[in-house]
Amino acid sequence: MNQHIPVINKTLDLADCRDQWFFDEKYQVWCLEDILYTLKATTPKFQRMSIFVPAEYMNKNGTVNAEGTHGAYNAKTAPVVFANNSAGYMQMPHSWLGGPRDESGKYLKHGMVYVTCGSRGRDSIDADGRLCGKSPWILVDLKTAIRFLRHNRGQLPGNYDAMISVGWSAGGAMSSLLGVKGNSKRFDSFLEQNGAFMDEKDDVLAAQVYCPIIDLDHADLAYEWQFNRDVENEASPAGSAGVMTQFQQALSDQLMKDYINYFNELKLKNPENGSILILNEDGRSGSGYDYLMKCLEKSAAKYLLKLDRNELPAKFTSQDYLTGNYTEKVQASRLEKGSNDKDDLGLHHAGAAVMLPPGEDGKDRPGPDFAGSGMSPREKLSLGDLVSRPPKGVPYVEQEFPMIDVQGSDKTAWLSWDGEKAVITSLDDYILNHRRRMKPCTSFDTLGMDSGENQEFGTPENDYMRFSEYIGSAIGRLKDLFPDEYGRYFSSWANVAGDKELAERRYLINPMNYIGSDEKTSMAKHFRIRVGAKDADTAFTISMALALKLAEQDIDTDYALVWDLPHCEADYPGEICDWIDSIV
């Protein structure tokens, strides 16, 4: 039996849906929910969006109130926040008011129109059981959705020339891609196949990029450069908790060297003086290293200053923080207590989760019952299923993950603060004392070929595939030292370098390829990039390099690390709306 998927539109003309708008008394906004943005949807559960509008901008009959104002904006000038809900490159639904991963409140209170958009992902299957969401289909879906909105701009409040893309994690990657690949002709064939409006545009004015998982071509290299000295990893979607083997440590050394070479080939420039940033052979000196440490120290300084000014919810001083004289509540592991198992669902992306009711046997509802609705073909539901709105009649059950009190640690051996400037003794001191390695070596194109990224670069025929052109070469250099591991792993990377179709799909979802290239795209005019300083899902230099490359093209780029925040929408309250106000 297939799950019913609510869809309010039978056509792609929202003029036909005026009677579907409803007013939410709790949030004081008008809502048009569960909109299918393409009539060629293969997984309609995830290819939907919802639109939320401040009360003043709509009439009760579903038409725009052209005279409505809210704060500094009106129904014609309000920026349109386009929030993609992508996570872990998985299929993800659009969110709903008050539901998991919902971030609409701050934008709506500020007078902005808020669009939440779902998309297919690496685990999507169509009605025939065929995989249909591999690279680059997430991005194609989002481009299709933006074109759908522009096609209907006459029926909606908001300024669709002032669209702000927002997303975190893989959603941050998609937000950066929407920013750099607007109206790219390279996507035309995909868009036509997806039923997009080919006479509309899909560029955005600005992109807010949170904790992006990008440059997957070089992500394994960057990760080993940053975490090379840490041989222990926690349980994550990339693998179980453990200690690296001698082979993994040697491979980490090789990939670190490859990253230093790659970073230096980028010839990134210091935006303050135009000098070329480099990493020295040791990986822990050079102007590139110094620049990263300066960003990290600025992050710490901003946080400590906010503590001193009582601008944070925390009720302790900067001195208490430095000496560990405080306790804080930390979310306990989402895995079973004491378990070191791999986090296959990527639950650290979930926020509060929604569980559909179990089957009659008390176990998770089997996915094959929902083929065509986007349900996972595996025995357990996907993350996208867990955070989807329950069907009518099924209560919303918020998953309250346990919180525990943790005593602060003494940081004075590696972090100092004089009231204005923070100093961190070294990157390795920071990592080993404050944010340990999350993923094993290798972390993206994993040795077991079982990561989300391996699945993202799969095909309809092969769910998981190799994609790194570097790891096989690095293993080859270790042949004499580790013949058993060479025999086990090397051949599986042998065909990556010559796979032109794979290379194209890697290219299409790497924003670094488009910045400064000869390919004509409509680049966003503004980028704001924020990354949690406790984000260990990828290396700090991945987002730093994106920001530097954008700035070299004279694109307005605002980049910062946000102290003590993990892989999330890392930000301080109010700053994102202040930024949007400053650019529209």
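Helices (H or I, at least four residues) and strands (E, at least two) are taken here as DSSP runs, numbered from the N terminus. The model is a predicted one, in which local features need pLDDT of at least 70 and side-chain atom pairs count only at pLDDT 80 or more, while totals for chains, interfaces and linings use all residues. Residues are numbered from 1 along each chain as its sequence is written, and side-chain values use heavy atoms, with hydrogens and water left out.

The overall picture comes next. The protein contains 16 helices and 17 strands. Its C-alpha trace spans about 70 × 55 × 55 Å along the principal axes. For 584 residues, a compact globule would have a radius of gyration near 25 Å, and the 24 Å of the protein agrees with this. Here the radius of gyration is taken over C-alpha atoms, and the globule rule is 2.2 Å times the number of residues to the power 0.38. Of the 584 residues, 58% count as buried, where buried means under 20% relative accessible area, exposed means over 50%, and partly exposed lies in between (1.4 Å probe, protein chains only).

Contact means heavy atoms within 4.5 Å. Among contacts between residues at least 6 apart in sequence, 75% join residues at least 24 apart. The side chains include 63 positive and 86 negative ones, and the centres of the two sets lie 2 Å apart. In this count Lys and Arg are positive and Asp and Glu negative, with His and the chain ends not counted; each charge is placed at NZ of Lys, CZ of Arg, CG of Asp or CD of Glu.

The protein is divided into domain 1 (14-215 + 511-582) and domain 2 (217-284 + 426-500), with bounds that come from an automatic or database domain assignment. Taken over C-alpha atoms, the domain centres are separated by 30 Å. Across the pair, 29 residues of domain 1 are in contact with 34 residues of domain 2.

Helix α3 (residues 170-180) is mostly covered, with eleven of its eleven residues buried. Among them are A170, M174, L177, L178 and V180. V140, found in helix α2, is also buried, with a relative accessible area of 0%. Leaving aside residues up to four places away in sequence, V140 touches F187, F190, L191 and N194. The C-alpha atoms of V140 and N462, 322 residues apart along the chain, are separated by 21 Å.

G158 is buried, with a relative accessible area of 12%. Apart from residues up to four places away in sequence, G158 touches A75, K76, A78, V80 and V113. Between the C-alpha atoms of G158 and S443, 285 residues apart along the chain, the separation is 42 Å. G195 lies in the loop between α4 (188-193) and β9 (206-210) and is partly exposed, with a relative accessible area of 21%. With residues up to four places away in sequence not counted, G195 touches T38 and K40. T144 is 51 residues from G195 along the chain, and their C-alpha atoms are separated by 7.6 Å.

Some backbone details are worth a look on the model. Most residues other than glycine have a negative phi, and most peptide bonds are trans. A cis peptide bond joins S135 and P136, with omega about 10 degrees; P136 is found in the loop between β7 (113-117) and α2 (137-151). The peptide bond from C441 to T442 is also cis, with omega near 5 degrees, and T442 is found in the loop between α10 (427-433) and α11 (452-456). Phi is positive at D34, near 60 degrees. D34 lies in strand β2 (residues 29-36) and counts as buried at 16% relative accessibility. K267 also has a positive phi, near 55 degrees. This lysine, K267, lies in the loop between α6 (246-266) and α7 (287-308) and counts as exposed at 52% relative accessibility.
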